[in-house]
Amino acid sequence: MTPLRLIALAIAALALATLPYWMSGIYYVNVASQILFFAVFALGLNVLAGYGGLVSLGHAALFGISAYATGYILQAGFGHTVAIIGALVVGVAAMALYAVLSLRSTGIGFIMITLALGEILWGLAYRWISVTNGDNGINLHGRPAPFGIELTTATAFYYTTLVVFALAVVMVAIFVRSPLGAALKGTRDQPRRMNALGYHVWAIRFWACLFSGLLTSLSGILFVYYTQFISPQTLALTSSAEVLLMVISGGAGTLLGPIVGAGLVVIVKSVVSGFLERWNFLLGAIFVAIVILMPEGLVPGTARLWRLAWRRARGGGAPS
Amino acid sequence: MTLWLVLAVNSITFGGLLFLLSAGFSLIFGLMRIPNLTHGSLFMLGAYFGATFIGGYLALHFDFWIAALLAALLVAAFGAVVERLLLRQLPGQPLAQVLVTLGISFMAADFCLLVWGGDPINVATPAHLAGFVRAGPAVFPLYRLAVIVIAMVIALALWLLLDRTRLGAMIRAGVDDPDMARVVGIRVSQLFTIVFALGSGLAAFAGIIGAPILSVYPGLDQDMLPLALVVVILGGSGSLLGSFVGSIIVGFIYNFGQALFPELAYFVLFMPMLLVLLLRPQGLFGRFVP
């Protein structure tokens, strides 16, 4: 890691840690919490879509299933610890089932199967009214109080989210540098060669799915505690598309990309929508523009332009 | 018994609409190898444009069928523009193309909300088809039977186009082996535009002739896209027969599912698709595995 990067990282960490003190208003602290838990979600999808080359268009359903699980377990009268652990188990188990069904193919086939699975779960949440309460959703009451700290205020919740977010970033960073992460990137780029080298391509992808499922569940639980409400809308195709937009717009296959993407989408959704009614149109336009103009995403794209400008400024040779 | 008969006729009508919607989806998927996620939006755009033309625009009132044709042509032109200006920029990158279609569907949905608002628009059945047909104890609206006839006629025309004309032969060649088709001198990229425009027009036409039955509302795109997807996966992509059989099957599953297990309707709808994906990935009549 270059000194410049270390300094940037330190500044970012400091800014995030002190955010409630310099950000004016509870509203913006809440927006920051949303960015952070959606960033965890996007990091989870990025493990598959970015590092594994397996684009899932049904991830919102996994996110939602953990949120519903949290709600059900709380409704059944259990405590928050049981609810959180239970929701994680349900989320990862659902991901395992997803993986067994969808890892039979890759590319467009994988997209279609995950899309279908997502629609099944959405359909169940939407129409199986006697169980899921349909469009009215499920309400939660209260947030957990780990170590006796109440999370009812925006600031307290922000710090909890920040801790989970930091944990997720560290987990993904370790995963990417681990042998499993390297093997996953290998199966993305050269699956047949990896197979010939003796790697179990399917198993590598399966473990990556489980890891992605774990992060997705974590963010789903944070989401449901944040909104205190879960409805089928959270599981819909639009939500899956939104999180994919976060990953792609920021830069799939990079650590920083999904975080930047989550910031972009959440800000467009919650801040810009305040003074611009047509934010959905804007979101779609951003999507199209990024895919066409900067297909590698904002983070690698900006880095490339920056290097190009740097070289030009120094009057160096032709860009390689 | 009467209930079953009425349900069966409704299923076939809905299947006919689904066929118009999914035939284009299937050809686009077969030729360009991308699931066109704007297809639901094209259906909805067709319905909204058609409803506007019928309702009167700039003091002009159009007949139902003229409005339907105009809407279909307009949306076909839109599809051609999307293909030429956007998808053409991303050759050989199916993932990027899928994402662009997704982005356009967001924009189209918001555009409809901006122009036509959030209230559903009811489109009146054309006056000359407003009657009923009696068959024993059962009563069928004439319009639903007319939709079946229209779908059959278009299916026949599409089959003739694909099976009997030079253009059709080129499209089939492009679906089966795009690289080899290029080698023998077929301009496959030109076919992309033609098929995309044709598919868009058909989807829009389905939207407006379906409007008296389904009405037009925000979210119509999201309701129709998954159905087109189910049809094409069941029937197999790139196959007209597959879309036809798939549409009828889905029409039945959807209507009977809604009537018999309303709570599990979507589950009943998507389960067969999942089974096909797992057991016969190319679909019932598919030409290739996606």
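**Entry 1**

I began with a term: angles under 35 degrees count as roughly parallel, over 145 as roughly antiparallel, 65 to 115 as roughly perpendicular and the rest as oblique. My model is predicted, so I noted that local features need pLDDT of at least 70 and side-chain atom pairs count only at pLDDT 80 or more, while totals for chains, interfaces and linings use all residues. Residues are numbered from 1 along each chain as its sequence is written, and chains are lettered from A and ligands numbered from 1 in the order in which they are written.

I also needed to know what a helix is here: helices (H or I, at least four residues) and strands (E, at least two) are DSSP runs, numbered from the N terminus. Then I looked up helix α2 (residues 39-55) of chain B and helix α4 (residues 94-116) of chain B, which pack at an angle of about 20° with axes 9 Å apart. An axis is a line fitted to C-alpha atoms, for helices over the stretch in contact, and angles run from 0 to 180 degrees between N-to-C directions. α2(B) and α4(B) are therefore roughly parallel to each other.

Their crossing is left-handed, a word for the near helix being turned anticlockwise from the far one by less than a right angle (clockwise would be right-handed).

Which residues of α2(B) meet α4(B)? I found B:G40, B:S41, B:M44, B:L45 and B:Y48 on the α2(B) side, and among their partners in α4(B) are B:I104, B:A108 and B:W116. Contact here asks for C-beta atoms, placed from the backbone, within 7 Å. (Ala, Val, Leu, Ile, Met, Phe, Trp, Tyr, Cys and Pro count as nonpolar, Asp, Glu, Lys and Arg as charged, and the others, Gly among them, as polar.)

**Entry 2: a helix pair in chain A**

In chain A I picked helix α4 (residues 59-75) and helix α6 (residues 107-127), whose axes come within 8 Å and cross at roughly 35°. This crossing is left-handed. A:G64 and A:Y68 are among the α4(A) residues here, and A:G118 and A:W122 are among those of α6(A).

**Entry 3: where the chains touch**

How many residues of chain B are in contact with chain A? I wrote down 37 residues of chain B, against 34 residues of chain A. On the chain B side, α4, α9 (220-235) and α11 (265-279) each supply at least two residues. The most comes from α4(B), with 15 residues. This side of chain B has 31 nonpolar, three polar and three charged residues.

**Entry 4: each chain as a whole**

Chain B has 11 helices and two strands. Its radius of gyration is 19 Å, close to the 19 Å of the globule rule for 290 residues, so chain B is as compact as a globular protein of that length. The radius is taken over C-alpha atoms, and the rule is 2.2 Å times the number of residues to the power 0.38.

Chain A comes to 15 helices and two strands. Its radius of gyration is 20 Å, which agrees with a compact globule of 320 residues, near 20 Å.

Last, I checked burial: a residue is buried if 20 or more other C-beta atoms lie within 10 Å of its own, exposed if 12 or fewer, and partly exposed in between, with C-beta atoms placed from the backbone. Buried residues make up 50% of the 290 residues in chain B, and 45% of the 320 residues of chain A.

Key:
Contact = placed C-beta atoms within 7 Å.
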